Amino acid sequence: MAAMIGAAVVCLGTQVPASAQDTSSAPSATYSQALTAFDQAWDAAPLGFAVRTFVDVPAKGFGIYTPRTNQTFAAGETLHVYAEPIAYGFETDSEGTRYSLNAGFKLLNPSGQVLAEEAQFAAFTGTTRSRKRELSTQLSFGFEGLPAGSYTLAIDLSDVVSGQTATFSLPFSVVAGE
């Protein structure tokens, strides 16, 4: 049986013309040029967000999330936020390529009064062998005792590497529990 499998592999291998065989695993020049252009555009752009939304439940990974269909929460319900930052900085050394972002938040009432805030609520850091551009940030907030009404959740993301900061705001409302 093993001899037949070996013979089948040899036969299959000899049927592929030499011109069709892949002799190189290097990326094409076109791909390399596009990646270089992407790096340059990324480095020139300000820190920002490709996606920023409330989600039903915490995301399972980059791009694996379900946007919330409304911004109305029951009193005491946890708010889950998903965001995809873009154009954050990278720092490369002998250990790899590093990124480091800190998130803070402010909870505001309709007149802009700050009801709660924390400057460094969460950190998103890592070291990879290449630039990691598929970074998702997931934040959860439990505002116990928040009365029914309208609010705004402002999220600040600070890039430790580049020194840039970007902010987005998500308006929401709380309804009394039943």
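**View 1. Burial and overall make-up of the protein chain.** Of the 178 residues in the protein chain, 32% count as buried, where buried means under 20% relative accessible area, exposed means over 50%, and partly exposed lies in between, with a 1.4 Å probe and protein chains only. The model is predicted, so local features need pLDDT of at least 70 and side-chain atom pairs count only at pLDDT 80 or more, while totals for chains, interfaces and linings use all residues. Residues are numbered from 1 along each chain as its sequence is written, and side-chain values use heavy atoms, with hydrogens and water left out. The chain holds 2 helices and 9 strands, in the sequence pattern α-α-β-β-β-β-β-β-β-β-β; helices (H or I, at least four residues) and strands (E, at least two) are DSSP runs, numbered from the N terminus.

**View 2. The open sheet β1-β3-β7.** This open sheet has 3 strands in the order β1-β3-β7, with antiparallel pairing; two strands pair if DSSP finds at least two bridges between them. At its edges stand β1 (48–55) and β7 (137–141), each with a single partner strand, so one side of each has no neighbour in the sheet. From one strand to the next, the twist averages 20 degrees; axes are lines fitted to C-alpha atoms, for helices over the stretch in contact, and angles run from 0 to 180 degrees between N-to-C directions. The antiparallel strands β1 and β3 (residues 79–86) are joined by 7 bridges, and F54 has V81 in β3 as its bridge partner.

**View 3. Strand β5 and its partners.** Of the 13 residues of β5, 11 are buried, so this strand is largely enclosed by the rest of the structure. Strand β4 (residues 91–93) runs antiparallel to β5 and is joined to it by 3 bridges; here E91 has R98 as its bridge partner. The hairpin from β4 to β5 passes through 2 residues. With strand β6 (residues 114–128), β5 pairs in the antiparallel sense over 11 bridges, and K106 stands opposite E117 in β6. The β5–β6 hairpin has 5 residues between its strands, and G112 in the turn has a positive phi of about 90 degrees. The pairing of β5 with β8 is also antiparallel, over 8 bridges, with T152 in β8 as the bridge partner of L108.

**View 4. The largest nonpolar core and F141.** The largest nonpolar core has 30 residues, of which F141, L153 and F172 touch the most other members. Such a core is a set of buried Ala, Val, Leu, Ile, Met, Phe, Trp, Tyr and Cys residues joined through side-chain atoms within 4.5 Å. At least two core residues come from each of β1, β3, β5 (96–108), β7, β8 (149–159) and β9 (165–175). Leaving aside residues up to four places away in sequence, F141 touches E77, T78, L79, V81, F105, F121, L153 and I155, a contact being heavy atoms within 4.5 Å.

**View 5. N70 in the loop between β1 and β2.** N70 is found in the loop between β1 and β2 (72–74) and counts as partly exposed, at 33% relative accessibility. Its side chain reaches the backbone nitrogen of T72 at 3.0 Å. D56 lies 14 residues from N70 along the chain, and their C-alpha atoms are separated by 9.6 Å.

Notes:
Polar contact = N/O pair within 3.5 Å; in protein donor to acceptor, adjacent residues only side chain to side chain.
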